[in-house]
Amino acid sequence: MRHARASTPPRDGHTLDPVVDPMHFEANADAYAGARPPYPAELWQRLRTLGLLRPGSRALDLGAGTGQATGPLLDAGLRVTAIEPGARLAALLRAAHPTADVRICRAEDMQFAPSSFDLVVAATSIHWMDLEILLSKLCTILTPHGRFAVWRNVFGDSDAEVTPFRVRIAEIVDDRRAPPRPGPPAEDLDATIEALTASGLFQVTDASTYRWTLELDAAAIGRLFRTFSDWSPGEVERAVAAVNELGGTVTEHYSSWMVVLAPVEQRAAP
Ligand SMILES: C[S@@+](CC[C@H](N)C(=O)[O-])C[C@H]1O[C@@H](n2cnc3c(N)ncnc32)[C@H](O)[C@@H]1O
């Protein structure tokens, strides 16, 4: 499955735009860092327990944005190279994390020597990348015992109670014809694992899910929802209005999943 080239299903007899714009985050660069919540502490603890946050080891952060994963990796003592195609995002990333080696390019276009990294991470970014190109590159640039950790925030936990705000969000989503995001649905960890292992180049060594809640006021909902690549300004305004009508603050139930993969040893053909 080539994530970033997902086909566009026709809806209501119409063909939609191919996919949402991967440069949406770049267009909202100034707001991105302050709008996005950090990843849960339990996720970082899991990486630590798995022995993947060893001080001094070399990490590559794919689609780093403004550094939501880069920062904690550096804080844990890793040496971090960050790949980010958006020039403004990359400038913010460099300013916030001057010790990271930031490269402005797509993950598919990166060039590194064999065995350059002990850990590669993709934090809420894997769905933007062409896996056919990416995974074969990772097989080379990871050390033989290296790991590829892929995680994603799911903004709206379908297993949690349905809050009045989520009812209003469902109404907005029902009314709209947003272009599809690339790759499997955000919450579908199984489909993501299938996509990441279909080539036979990587196998899963660990998978975990974390559930968390956030109290957000109308301004915070506006900031966060503006960073969602498939939400229009008008839809964000409706979400903000809903928060105000519901008392000015809402409790959001979110989740994050993580899958850790190892390269499958390549054997010479008999
Ligand atoms: C939802 S943001 C995630 C940013 C950050 N990793 C985080 O956890 O907040 C997705 C990021 O992927 C980047 N991106 C999009 N297409 C990419 C590609 N082909 N290669 C690398 N990064 C890409 C975007 O510019 C954006 O910064």
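**Exercise 1.** Determine how many aromatic pairs a search of the whole structure finds, and classify the geometry of the pair formed by Phe 25 and Tyr 32.

*Solution.* In this predicted model, the search of the whole structure returns 12 aromatic pairs. For Phe 25 and Tyr 32, the ring centres are 5.9 Å apart and the planes make an angle of 90°; because planes over 60 degrees apart count as edge-to-face, this pair is edge-to-face. As a next step, consider accessibility: Phe 25 has a relative accessibility of 16% and so counts as buried, and Tyr 32, with a relative accessible area of 10%, is buried as well.

**Exercise 2.** Carry out the analysis for Phe 225 and Trp 231, and then identify the aromatic cluster that contains them.

*Solution.* Phe 225 and Trp 231 form an edge-to-face pair, with 5.0 Å from centre to centre and 80° between the planes. Phe 225 is buried at a relative accessible area of 1%, and Trp 231 is buried at 11%. Both belong to one aromatic cluster, which also includes Phe 155, Phe 165, Trp 212, Phe 228 and Tyr 254.

**Exercise 3.** Describe the largest nonpolar core and the elements that contribute to it.

*Solution.* This core has 30 residues, and those with the most contacts inside it are Leu 62, Met 110, Leu 134, Leu 138 and Phe 148. Elements giving two or more residues include β1 (58–62), α6 (131–141) and β5 (142–154), and the largest share, 5 residues, comes from α6. Looking beyond neighbours within four places in sequence, Met 110 is in contact with residues including Leu 62, Leu 134 and Leu 138. Apart from this core lies another, of 27 residues, among them Trp 44 and Val 102.

Technical notes
Residues are numbered from 1 along each chain as its sequence is written. This is a predicted model: local features need pLDDT of at least 70, side-chain atom pairs count only at pLDDT 80 or more; totals for chains, interfaces and linings use all residues. Side-chain values use heavy atoms; hydrogens and water are left out. Rings of Phe, Tyr and Trp (its six-membered ring) pair if their centres lie within 6.5 Å; planes under 30 degrees apart count as stacked, over 60 as edge-to-face and the rest as tilted. Buried means under 20% relative accessible area, exposed over 50%, partly exposed in between (1.4 Å probe, protein chains only). A nonpolar core is a set of buried Ala, Val, Leu, Ile, Met, Phe, Trp, Tyr and Cys residues joined through side-chain atoms within 4.5 Å. Helices (H or I, at least four residues) and strands (E, at least two) are DSSP runs, numbered from the N terminus. Contact means heavy atoms within 4.5 Å.
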